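My notes follow in the order I took them.

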Amino acid sequence: MALAQLLSSSDRRVTRQTLWMGTITAVQLLGGLAQIAISARILGPEDFGVLAVIIAVAALIHGLMAAPGGEAVTTFVTRAVAEERPQEASRVLRFTMAVSLGLSLIAYAFIAVIVLVASSLLGIENAHRDIALMYGVVGIFLATRTESLAVLRLSDRVSLGLAVTLAGVLARVVLLGIVWLQGGGLFEVVLAHIAGVAVGGAGMLAATAVSAPRAGVTGFLSSLSLRVPPDVARFQGGVFGRSTVSALAYHMDTLLAAQFTGAADVGLYRSARQITETGHYPFQSLKNGVQLQYSKQWHSGQGGALRRTSLVFSLVSFASSAALFGLLAVFHQSITRLILGAEFSDAAPLLLIMILGAFAVNSISALTALPAAVGRVWPLLAAEIGGLAVFAALIVWLVPMGGAEGAAWANTAYYSVIALIILPFAISILRQSRRMGQNP
């Protein structure tokens with residue numbers, strides 16, 4: 001109670017939404033672990049490997065074609081509402097959702113062509129083509145998730161997002177349990193995955209429609225107009241580029257490393273990377289929560305309040321990052337054995353290396369939310385391109401000499417470069433805020 005009294009109403013809102021978003025992430029992680037555990041027991045090593053390839057192909061293509069609209073909704077719907085233009089707010093929401101859905105359909109078309117024409121090159125046998133085509137629709141159901149969550153944050157109804165996420169996860173796990181008990185196979189497992197994602201996707205759309213008026217977005221369902229200001233379209237163009245580069249970075253390291261070192265080193269690197277990536281999730285929740293408040297303060301001219309919010313949550317992100325990754329560094333060997341098993345003990349030193357990059361980018365996570373919050377996507381795109389260029393160059397240089405350790409250093413460099421590029425832009429925005437009114 002005493003801590004709550006020390007925080008302003010805006011800080012309490014950010015804290016509340018961060019906790020809700022963190023809970024959603026935790027549900028997704030736990031559900032993912034349960035899903036993997038049950039699916040592995042149903043399928044066995046061979047069919048589970050087939051499923052992994054199908055998921056990787058779908059995720060890569062949908063990732064390359066995505067332009068998530070959550071940041072645009074947070075920034076430009078907030079601006080329109082602050083300037084009392086509710087119809088523009090509705091058009092921005094419709095535009096971002098239409099773009100995301102349209103790109104997901106194009107991505108599915110690419111998946112269909114690749115599966116039907118070149119499935120053998122991807123390691124997908126002819127017998128599994130239909131299953132790969134089925135699984136590709138998962139990306140369509142997930143296409144507008146970021147926009148829906150943004151509306152729920154704007155309306156302060158993130159708890160609805162948690163309820164929908166929980167329903168989708170439970171549907172998937174329960175259906176997988178039934179498949180397991182009934183002795184099903186790969187086809188039934190994929191159907192269970194699709195059904196669970198469909199529940200979540202439909203639930204999010206319903207929650208968006210119900211919550212939009214409370215967020216100041218009136219007439220969302222009463223018009224089909226997609227006309228938006230030019231800066232919104234430019235922003236989404238930058239988001240598309242950034243998402244494409246991020247998808248390349250996420251998958252490229254494994255493919256490149258496999259060209260220069262053995263499968264064992266690649267496995268060690270990827271397993272260690274999965275542990276460090278889990279540590280990124282809480283900070284994404286923090287960024288989502290604080291970005292909304294930044295947008296409101298920026299578009300209402302509250303420069304002093306924006307700087308105060310950035311200071312408070314910069315201290316929070318730095319302290320949290322130091323605590324989380326500090327503990328991970330101290331107990332990296334024990335954590336590696338616990339999660340991966342004794343046979344992966346050589347992954348522990350790699351984890352220690354990648355902790356450096358994870359700390360670098362997450363310690364300033366509250367600041368990295370600033371550019372998107374004020375409608376500037378190009379600093380984020382520049383950071384991703386710069387990080388990817390350094391990442392690729394270091395993998396080609398270091399992996400032939402150092403194997404998995406070289407890949408780990410390249411990963412740390414990738415995140416460090418992203419942090420170094422974004423930081424000056426964030427500081428520039430804070431300086432500009434000094435020319436705004438000094439409203440509390």
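**Entry 1: salt bridges.** I count a salt bridge when a side-chain nitrogen of Lys or Arg is within 4 Å of a carboxyl oxygen of Asp or Glu. By that rule I get 7 salt bridges. The model is predicted, so I noted its terms: local features need pLDDT of at least 70, side-chain atom pairs count only at pLDDT 80 or more, and totals for chains, interfaces and linings use all residues. Residues are numbered from 1 along each chain as its sequence is written, and side-chain values use heavy atoms, with hydrogens and water left out.

I looked up Glu71 first. Its side chain meets that of Arg242 in a salt bridge, 2.7 Å from N to O. Glu71 lies in helix 3 (residues 70–82) and Arg242 in helix 10 (residues 230–260), so this pair ties together parts that are 171 residues apart in sequence. Helices here are DSSP runs of H or I with at least four residues, numbered from the N terminus. Are Glu71 and Arg242 buried or exposed? Both are buried. For burial I use relative accessible area: under 20% is buried, over 50% exposed, and in between partly exposed (1.4 Å probe, protein chains only).

**Entry 2: a charged network.** Which residues does the network of salt bridges link? I find Arg79, Glu83, Arg85, Glu88 and Asp231 in it. Glu88 pairs with Arg85 at 2.7 Å, N to O. Glu88 also forms a salt bridge with Arg79, at 3.9 Å. Arg79 and Glu88 are both buried. For Glu88 the relative accessible area is 9%. Arg85 is partly exposed, at 29%.

**Entry 3: Phe76.** I stayed in helix 3, where Phe76 is found. Phe76 is buried, with a relative accessible area of 2%. I then listed its contacts, meaning heavy atoms within 4.5 Å. Leaving out residues up to four places away in sequence, Phe76 touches Val92, Asp231, Val232, Phe235 and Gly375. Asp231 is also in the salt-bridge network above.

**Entry 4: helix packing.** Two packed helices are described by the angle between their axes and the distance between the axes. I take each axis as a line fitted to C-alpha atoms over the stretch in contact, and angles run from 0 to 180 degrees between N-to-C directions.

Helix 3 packs on helix 12 (residues 281–299) at about 30°, with the axes 9 Å apart. That makes helix 3 roughly parallel to helix 12; the label applies to angles under 35 degrees, and over 145 counts as roughly antiparallel. On the helix 3 side, I list Glu71, Thr74, Thr75, Thr78, Arg79 and Ala82. Helix 12 brings Gln291, Leu292, Ser295, Lys296 and His299. This contact divides into 2 nonpolar, 6 polar and 3 charged residues. I class Ala, Val, Leu, Ile, Met, Phe, Trp, Tyr, Cys and Pro as nonpolar, Asp, Glu, Lys and Arg as charged, and the others, Gly among them, as polar.

Next I took helix 4 (residues 86–118) and helix 7. They pack at about 155°, again with axes 9 Å apart. Helix 4 is therefore roughly antiparallel to helix 7. Leu93, Thr96, Met97 and Ser100 of helix 4 meet Glu147, Ser148 and Val151 of helix 7. By class I get 3 nonpolar, 3 polar and 1 charged.

Helix 7 (residues 145–154) also packs on helix 9 (residues 186–211): the axes come within 9 Å and cross at roughly 35°. From helix 7 the contact uses Arg145, Ser148, Leu149, Val151 and Leu152. From helix 9 it uses Met204, Leu205, Ala207, Thr208 and Ser211.

**Entry 5: positive phi.** Most residues other than glycine have a negative phi. I noted Glu84, which has a positive phi of about 60° although it is not a glycine. Where does Glu84 lie? I place it in the loop between helix 3 and helix 4. Glu84 is exposed, at 70% relative accessibility.

Asp156 also has a positive phi of about 60°. Its place is in the loop between helix 7 and helix 8 (158–181). At 25% relative accessibility, Asp156 counts as partly exposed.

Conventions:
Helices (H or I, at least four residues) and strands (E, at least two) are DSSP runs, numbered from the N terminus. Angles under 35 degrees count as roughly parallel, over 145 as roughly antiparallel, 65 to 115 as roughly perpendicular and the rest as oblique.
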